[in-house]
Amino acid sequence: MPDTMVAARASEKTGSAGTQAVDVAVVGAGFAGLYLLHRLRKAGFTTVALEEADDVGGTWYWNRYPGARCDIQTIDYSYTFDPELDRAWKWSEKYATQPEILRYLGFVADRYDVRRDIRFGTRVTAANWDQGAERWLLTTDHGAAVSCRYYIMATGCLSSPKPPEIDGVKDFKGEVYFTGRWPHNEVKLAGKRVAVIGTGSSGIQSIPLIAEQAAELTVFQRTPNFALPAHNGPAPADRVALLEGDSATYREQARWSLAGVPLPQQTEVSWQLSDAERRERFEKAWAAGDLVYMLTQLWADQGVDVDGNALLADLLREKIRSLVKDPATAEALSPHDHPFGSKRPCLDTNYYATYNRPNVTLVNLRQEPIKSITASGIRTDKRAIDVDAIVFATGFDAMTGAIMAIHPITGRDGKSLSDVWAHGPQTYLGLAVSGFPNLFMITGPGSPSVLSNMAVSIEQHVDWVVDRLVAMREAGFTTIEATEAAQDGWARHMADCATLTLHRLANTWYTGANVPGKPQGVMPYTGGVGPYRSICNEVVGKGMLGFRLKGPGVAEQCNDGEVVRLQPDVRLVLNMLEEMKLPAIESLGAQGARDFVTEFNAGRPAGRPVGEVVDGTLPGADGPLPYRLYRPATPGPHPVVVYFHGGGWVLGDEQSDDPFCRDMCRRSGMIFVSVGYRHAPEHRFPAAAEDGLAATRWIAAHAAELGGRPGPVLVAGWSAGGNIAAVTCQLARDRGGPEIAGQLLLCPVTDCAVERPSYTDNATGYFLTRALMYWFKDLYCSPADRSDPRASPLHGKLSGLPPALVVTCEFDPLRDEGVAYAEALTAAGVPVQHIEARGHFHASFTMVDVVITGVGGRMQMADALRRYAGLPPERKQGDEGLRPGRTASPHEINAAAE
Ligand code: FAD
Ligand code: NAP
């Protein structure tokens, strides 16, 4: 494709000082702006795009530095809205260069004839919502202002270069370049002494090529970054075959994937693989030269668990050592301060090998920070390095920079966006802001944007916005605004999602940490492209949930509320269970239900290793009972926890809560003995309760033989097991022991006699149903027995019981009886800690490796057990911030990064 195709063919700039009136004004003519113009025009809206640059391309117009390429394979980093376009354009390489991508965008602009609606060389300087006219007025630095009903910011997430924040830049007498504003004329670095400051993607792409030209290259590195070889060349044949074989399916898979690239979701976790298997997977990924593959396909816990991530980071550092000859330089290039993937990793061509060249020197700014730039070069606190040219590869004021650069943006009631965002961006879906009617952002903060293949995310946003404008026009609405409740709910959901990933553990431009003084917090949506798409669709399906729509002559519409109240992984699990169309357990009969649960459990990930797992039998109230003991790997003797599994007194056994017992054994550093108590209907009430006491007595009496610490034991249980644990505490108090130091009651049944509102609120749709609970109760105890404290501990005497941690989940039929028990225990003078787990369901904490957001709760459970046993709290790096409802503060991000 000839370069002339993108030669500036700018539409005529409006010279007059008048106002240009359109239905929709778009700011920006990159990937997003171009597609917007095409869709808006097709939908019949009058429109104009205002673009500061002199041509289309956005990112690919500005970033012309040597080596600039995409880091998502180009067949994926393309528009997908028109299959004809797919066929009309053939990429020459797996990762196309900047000139080729720019030619592509020029080709698209011409093919859909959008240039005539673009005013190039025009920067939007301010935007003001005129409440009376219900229109935005955009002020520009050139030509007419624009009056529009809808204002769409397609201003880019990485379009506002960050100032270098180094003293003396103006004093430098040599050449100065910014990768993000690279000159259009040829830059000649041959034979010169060149400095590159910055080792993010831009630095890492440009350094090898600059090294080939320059007489001397000095790289100033503040933070080393992980980089993978691109192994560029033709697009991989297997991927091309998939695309060309069935492009519709290929593109659709990308749209519903996590990162916008059609790769499956990895389910195996690191500890399910041997060292050799992990290495084999890693070598395959290294050879593939694919960032998204390395980020998503090795093992499922690499992006969410510090230990799973460290295994991968170690392998990557090993590669760096093998590629860089000088060990000290290799060490300086090896990242240790952030988990792999928490900072955008880079894709390189010969980056590490470049440091083996005699003309390349690495300056580690952690050891010798830059003091200033002088007339002749760069001075660190150890030396002065004279250079002829400085390349700033120092990055961008990402995600919010270009939006905030339009100042002021004044919305309803004179609200200024910079005030509203003073403590960080607040949005609904990353698309809209409460108080700013008819304003949309494409890939704004709060959407997957930069954590995804942007081409896919841009198309999704453009389609969503334009479809909404069409629907509004048809319904007679003229204004749309996000509600505060919806926006606040989205902030909570964003924080919940961010808690899941390791992004919170790194100082990056994702969190705003790269710009001094910028408010910090994870800005992109970390929940994934597919889940995000389904949420946006759900908003529409629920009558534009969280938006207020108004128009002349039509009734106002506002279905207010939060679109996601569940924890993100709980939402995924429940959706998955719904898709599986499982039979109602109560319809299977007791044995059928047991077989079903056994089969279901067989398919779950194996629990984490512990020191030892031992099976045995102990005497129950009426005969032997099986038990399974989990011993920590740490030296003993350990305190002993007697554990009762869930399953409505009907299902499950001493093995069925295996992942939970393993996790709690590891976290608490205590022995867990899971008891196989008798089940209904064969053994109805009070068999399970009596077994609970008998088992606890035997375990307490034999603690030392079991390798445990003699003395008081602890009890714990989930669901019906929580009921047995609570009852055991009451019986032990009343019948002469054993001594119990504390009780952990996880979603316990505490009252079989009274039905509380959570039975109705959460009757169906959250795994444990009201109907199933009725079935369990009927099989276990007759109505006459239901007030007996051995069935309903809430009806028993509560004073004098051991301290308790009660955990209740918001979306659980058992929620309210758990709350009632916590309150009643407190009223009776028992020390109680109550965790009300927001957004969780009955199985959140026992689905150990599926519901990652349950980690925080389990940490608190382990803390409580240790406290009851008189042990100090235990901390694992990276766990902080996982506590329910918490988002890591900037201080914690810094501390974790240290
Ligand atoms: P941009 O392309 O940034 O376009 C925004 C436009 O808005 C710019 O042209 C800007 O001049 C204009 N603008 C902003 N403010 C104003 C204003 N006030 N007035 C007038 N005009 C204004 N993403 C990927 O998914 N894969 C990749 O491989 C990839 N590689 C990248 C490589 C580099 C070097 C960089 C910097 C980013 C890369 N990205 C990549 C992210 C990239 O930004 C997006 O993929 C995509 O190009 C963004 O398109 P956009 O239209 O949203 O924004
Ligand atoms: P970046 O990732 O933010 O990297 C900037 C670099 O400059 C960092 O190493 C940073 O160090 C350093 N730096 C910033 N200010 C400094 C200062 N005052 N003194 C010393 N060092 C300083 O920016 P980027 O490389 O331009 O990349 C930004 C994003 O754009 C990428 O993450 C990626 O999403 C996209 N991109 C993609 C590609 C691609 O391969 N397709 C290429 C370029 C960019 P610290 O880390 O210590 O802050």
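**Rings**

I looked up Trp-490 and Tyr-525: both are buried (under 20% relative accessible area, with exposed over 50% and partly exposed in between, using a 1.4 Å probe and protein chains only). They form a stacked aromatic pair, 5.1 Å centre to centre with 20 degrees between the planes. I count rings of Phe, Tyr and Trp (its six-membered ring) as paired if their centres lie within 6.5 Å; planes under 30 degrees apart are stacked, over 60 edge-to-face, the rest tilted. Trp-490 lies in helix H16 (residues 484–500) and Tyr-525 in the loop between H16 and helix H17 (529–541), so the pair ties together parts 35 residues apart in sequence. Helices are DSSP runs (H or I, at least four residues), numbered from the N terminus.

The model is predicted: local features need pLDDT of at least 70, side-chain atom pairs need 80 or more, and totals for chains, interfaces and linings use all residues. Residues are numbered from 1 along each chain as its sequence is written, chains are lettered from A and ligands numbered from 1 in the order written, and side-chain values use heavy atoms, without hydrogens or water.

I found 38 aromatic pairs in the structure. Tyr-61 and Trp-62 make an edge-to-face one, at 4.9 Å and 85 degrees.

**Ligand 2**

Next I checked polar contacts (N or O atom pairs within 3.5 Å). A polar side-chain atom of Arg-222 lies 2.8 Å from an oxygen atom of ligand 2. A backbone N or O atom of Pro-164 is 2.9 Å from a ligand nitrogen atom. For Ala-393, a backbone N or O atom lies 3.2 Å from a ligand oxygen atom.

Definitions and conventions: Polar contact = N/O pair within 3.5 Å; in protein donor to acceptor, adjacent residues only side chain to side chain. Helix = DSSP H or I, 4+ residues; strand = E, 2+ residues; numbered from the N terminus.
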